[in-house]
Amino acid sequence: MNISSEKGVITLTMTSPRAIRDAWDVVSDTSRINELLFGLPPVDVRAIEADKITAAVKVAGMTVEFDEHPWAYEAPHRYSSLRVFSSSPLERLEARCELVEAGPSSTSVSYRVAITTKSGPVGWAAEKIIV
């Protein structure tokens, strides 16, 4: 696995020893990915509306609330999501996962997370810690 980071963007790339459909089954389980890659617990869904879900998750002892907008899926090739935070040093988080068939039983996987922090000292500190 390769991990690269530049201002506000973290990219993980790897080759999976699985066919694209089997790799999709793993990476599209986003709750499991959040737990494995970022150590995040499952989110607590607080409200469901037509254009967003309001949810919260506890991170480092702090409850972080956000609106999650509808996901875009194109199975088994890609998905993307957008979270806009209301109580957090983060302003928004955009995630995108892309899969490309690398052979009959291997898949290239790229996972990109773009983070925007809020202005001010807390947002500045969060940016230094996260990215």
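Here is a walk through this structure, from a surface patch to a pocket and then to the charged pairs.

Please keep in mind that this is a predicted model, where local features need pLDDT of at least 70, side-chain atom pairs count only at pLDDT 80 or more, and totals for chains, interfaces and linings use all residues. Residues are numbered from 1 along each chain as its sequence is written, and side-chain values use heavy atoms, with hydrogens and water left out.

Let's start on the outside. M1, I3, M14, L36, L37 and F38 form a nonpolar surface patch, and together they have about 610 Å² of accessible area. Patch members have over 30% relative accessible area and no salt bridge; nonpolar side chains (Val, Leu, Ile, Met, Phe, Trp, Tyr) are joined within 5 Å, and like charges within 9 Å. The areas come from the Shrake-Rupley method with a 1.4 Å probe, and for residues only the protein chains shown count as cover. Helix 2, residues 30–38, gives the most to this patch, with 3 residues. Helices (H or I, at least four residues) and strands (E, at least two) are DSSP runs, numbered from the N terminus.

Strand 2, helix 1 (20–27), helix 2 and strand 9 (106–117) each give two or more residues to the lining, and the largest share, 4 residues, comes from strand 2. By type, the lining divides into 14 nonpolar, 2 polar and 1 charged. Here Ala, Val, Leu, Ile, Met, Phe, Trp, Tyr, Cys and Pro count as nonpolar, Asp, Glu, Lys and Arg as charged, and the others, Gly among them, as polar.

Now for the charges. Side chains of opposite charge can pair when their charged atoms come close. The structure holds 8 salt bridges, each a side-chain nitrogen of Lys or Arg within 4 Å of a carboxyl oxygen of Asp or Glu. R83 and E68 meet in one of them, at 2.6 Å from N to O. This pair links distant parts of the chain, with R83 in strand 7 (residues 78–87) and E68 in strand 5, 15 residues apart. R83 counts as buried because its relative accessible area is 13%, and E68 is also buried, at 13%.

K52 forms a salt bridge with D67, their closest N and O atoms being 3.3 Å apart. K52 lies in the loop between strand 3 (44–48) and strand 4 (53–59), while D67 is in strand 5 (residues 62–68). E74 and R78 pair at 3.0 Å, N to O, and D44, R46 and E65 are linked in a network of salt bridges.

Methods:
Buried means under 20% relative accessible area, exposed over 50%, partly exposed in between (1.4 Å probe, protein chains only).
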